[in-house]
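This report walks through one structure. It starts with salt bridges, then turns to the domains and the ligand.

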Amino acid sequence: MSALESAQPLNSDEFPLPKATFAEKVISVEHYTDRLFKFRITRPASFRFRSGEFVMIGLPSEGKPLFRAYSIASPSWDEEIEFFSIKVPGGPLTEHLQKIQPGDTIWMRQKSTGTLVMDALTPAKNLYMISTGTGIAPFASVMRDPEAYENYDKVIVTHTTRDVAELKYGYDTVALTKEDLLVGEEATEKLIHFATTTREESDQMGRITNLIEDGTLAKSIGLPDLNPETDRVMICGSMAMINDLKVILEARGFEEGANSKPADFVIERAFVD
Ligand code: A2P
């Protein structure tokens, strides 16, 4: 029996399932701060995606069903689907989504897509995944994909947030990845996590753009400066960060890639309500 058959909406008579949509169950919810939470849902047996992609999710609700794009934070082999979400005060979806409990129904479109996939990059030595805020979500997926360690010598994930508490999801996910039965051994050897805050005092402070430009990132992780000869970059986070980093990378000779034309770096804004 597929998860689709096993997980019909609780109130399916009231809110009929839209076309091309799965109805899944919430398995767990973890709140990190008053702005951030993670949740895991059942995975439909027929749902296929590439690590790093996003999908539209929504809640059965009154009126027109509301869907928003969410990066899938779990890897493509996982039996469950994980999401990492911001809570936007008054946000049409997250206002309701932040109240979900295990057993509730979540709607998920059947088709995923996105550019933060290894297929959109040409082969190289190191993979950098640069994120701010919830932009770490697609990288939580890619860092748990064995292909990342087959394709690259080093996999570097950077995460910048305003406050220390907002870094916890990244720390937890990296720790889980290093303990994982499938990728743990390789991740322990190859995965580098570089976390910074910009507003609250922490061990490493500063915007990632500045830390790349002034050489702090390279020095801290013990690798040469970012270079298109050896490095590939995925970027996800605030629009301002993406735009600034794109300028920095292009000045160093990096070319933007896409699924249809793989190249040196790919970008996607972190989705918000
Ligand atoms: P800052 O505190 O200096 O604005 P947000 O929570 O607003 O999405 O921001 C997440 C992180 O992204 C914050 O640490 C923020 O730093 C950082 N950020 C915002 N704009 C830029 C930018 N243009 N370049 C680099 N980092 C940025």
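## Salt bridges

The structure holds 14 salt bridges, each a side-chain nitrogen of Lys or Arg within 4 Å of a carboxyl oxygen of Asp or Glu. Side chains of opposite charge can pair when their charged atoms come close. One of the bridges joins R40 and E80, with the closest N and O atoms 2.7 Å apart. R40 lies in strand β2 and E80 in strand β5, so this pair ties together parts that are 40 residues apart in sequence. Strands here are DSSP runs (E, at least two residues), numbered from the N terminus.

The model is predicted: local features need pLDDT of at least 70, side-chain atom pairs count only at pLDDT 80 or more, and totals for chains, interfaces and linings use all residues. Residues are numbered from 1 along each chain as its sequence is written, and side-chain values use heavy atoms, with hydrogens and water left out.

The chain is assigned domain 1 (12-109) and domain 2 (118-267). These bounds come from an automatic or database domain assignment. Taken over C-alpha atoms, the domain centres are 25 Å apart.

How many residues of domain 1 are in contact with domain 2? The count is 22, and they meet 21 residues of domain 2. Contact means heavy atoms within 4.5 Å.

The area buried between the domains is about 1,700 Å², and carbon and sulfur atoms give 56% of it. Buried area is the accessible area (1.4 Å probe) that two parts lose on being put together, summed over both. In domain 1, Y32, W77 and F84 lose the most area to domain 2, together 32% of what that side buries.

Charged pairs also cross between the domains: the count is 3 salt bridges. The side chains of R50 and D119 meet in a salt bridge at 2.8 Å, N to O. On the side of domain 1 that touches domain 2, β2 (36-42) and β5 (80-86) each supply at least two residues. The largest share, 4 residues, comes from β5.

## Ligand surroundings

Around the ligand are 13 residues, the closest being R162, T198, R199, R207 and D244. A residue counts as near if one of its heavy atoms lies within 4 Å of the molecule.

| Residue | Distance to a ligand oxygen atom |
|---|---|
| R162 | 2.8 Å |
| T198 | 2.6 Å |
| R207 | 2.9 Å |

Note on methods: A polar contact is a pair of N or O atoms within 3.5 Å; within protein, one must be able to donate a hydrogen and the other to accept it, and residues adjacent in sequence count only if both atoms are side-chain atoms.
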